[in-house]
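Open the model in a viewer and keep the selection panel at hand. The stops below go from the ligand to the domains and then to a pair of helices.

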Amino acid sequence: MENTLEEIRTLAQKKRAVILAHNYQVREVQEIADFVGDSLELSRKAKSTDAEIIVFAGVRFMAETAKILNPEKKVLLPRSEAGCQMAEMVNAEAVRRLRKEYPDAAFVAYVNTDAEVKAEVDVCCTSSNAVRVVAAQPNKRIVFLPDRNLASWVARQLPEKEIIPYDGYCYVHNRFNVEEVRLARERHPEAEILVHPEVPAPVSLLADKVLSTSGMLEYARTSPKSRFIIGTEEGILVRLLKENPKKAFFLLGSVKVCANMKRTSLKDILISLKEERHAVELPEELRKRASLALEKMISL
Ligand code: SF4
């Protein structure tokens, strides 16, 4: 493994490449990455980097987002088949249909969508900024897609808006249930329960805090509390434990794993860098249209 690490570092330096990894990636990928974060942080990083190549250890919509924001750079997705099941639940045709049904609504898409969906909506959001993005829309009515759970969380924060949710969900977060919360409270009554807004509404209603992954990391770092129960994909534990060695973290219920987030290995990163394979390509007209919704989000 040491050899692979060394080879990746040397190649990345030689090719002026930056490695970005999502908080849900496997430990060794998080450790080799130049930057680890959530979707919003990674979008910002992708936009500000002066590297010539971006290696995106994540899933397809994330690498696509990096490409949309950096058309002049080469963006590599080490495992081309790493998709996101939630992103696949909606397409451009569905958005166009809803546009006809709700002509007075603003259309807000979670970044967990394909470029063709981003190209059809008014603005994108991530779990960190969804409430702020929806609040900033002048329209009372908002069609929010594709995650019905995030939509429900946003609707609870903004009762003045009429949120129309699309019926998508994340198969990983949707598995959390209220029984897991009840058991966790019983076992660790002193711990705070932090959950991701992609969990079902009955679970987020029982949690102490509803936070994006970057929100959880920030909260755990700054909170005077020392024990936390974490309701999101298990990969987040790598950073939580590393950044808070004196605090204790327990997973909420059974271990929840996103199979696509776990596909990328160090070897995939090395091959991807060596052969510059699986470069993300998008038709320029589509990229331009999709960039409008993303740039709008970043400006907010
Ligand atoms: S955790 Fe859920 S939303 Fe994130 S990539 Fe996996 S399936 Fe998609």
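Start at the ligand and select Val59, Cys84, Gln85, Met86, Asn112, Cys170, Tyr171, Val172, Glu233, Cys258, Asn260 and Met261, the residues around it (C-beta atom, placed from the backbone, within 6 Å). Coloured by class, this shell shows eight nonpolar, three polar and one charged residue; Ala, Val, Leu, Ile, Met, Phe, Trp, Tyr, Cys and Pro count as nonpolar, Asp, Glu, Lys and Arg as charged, and the others, Gly among them, as polar.

For these selections, residues are numbered from 1 along each chain as its sequence is written. The model is predicted: local features need pLDDT of at least 70 and side-chain atom pairs count only at pLDDT 80 or more, while totals for chains, interfaces and linings use all residues.

Next, colour the chain by domain: domain 1 (2-82 + 261-281), domain 2 (87-165) and domain 3 (173-251), with bounds from an automatic or database domain assignment. The C-alpha centres of domain 1 and domain 2 are 28 Å apart. Their contact (C-beta atoms, placed from the backbone, within 7 Å) takes eight residues from domain 1 and nine from domain 2. On the domain 1 side, helix 3 (39-48) and helix 4 (60-69) each supply at least two residues; helices are DSSP runs (H or I, at least four residues), numbered from the N terminus. Helix 4 gives the most to that side, four residues.

Finally, select helix 11 (residues 213-222) and helix 12 (residues 236-243), which pack at about 20° with axes 10 Å apart; axes are lines fitted to C-alpha atoms over the stretch in contact, and angles run from 0 to 180 degrees between N-to-C directions. The two helices are therefore roughly parallel (angles under 35 degrees). Show Thr213, Met216, Leu217, Ala220 and Arg221 of helix 11 against Ile236, Arg239, Leu240 and Glu243 of helix 12 to see the contact.

Terms used
Two residues are in contact if their C-beta atoms, placed from the backbone, lie within 7 Å. Angles under 35 degrees count as roughly parallel, over 145 as roughly antiparallel, 65 to 115 as roughly perpendicular and the rest as oblique.
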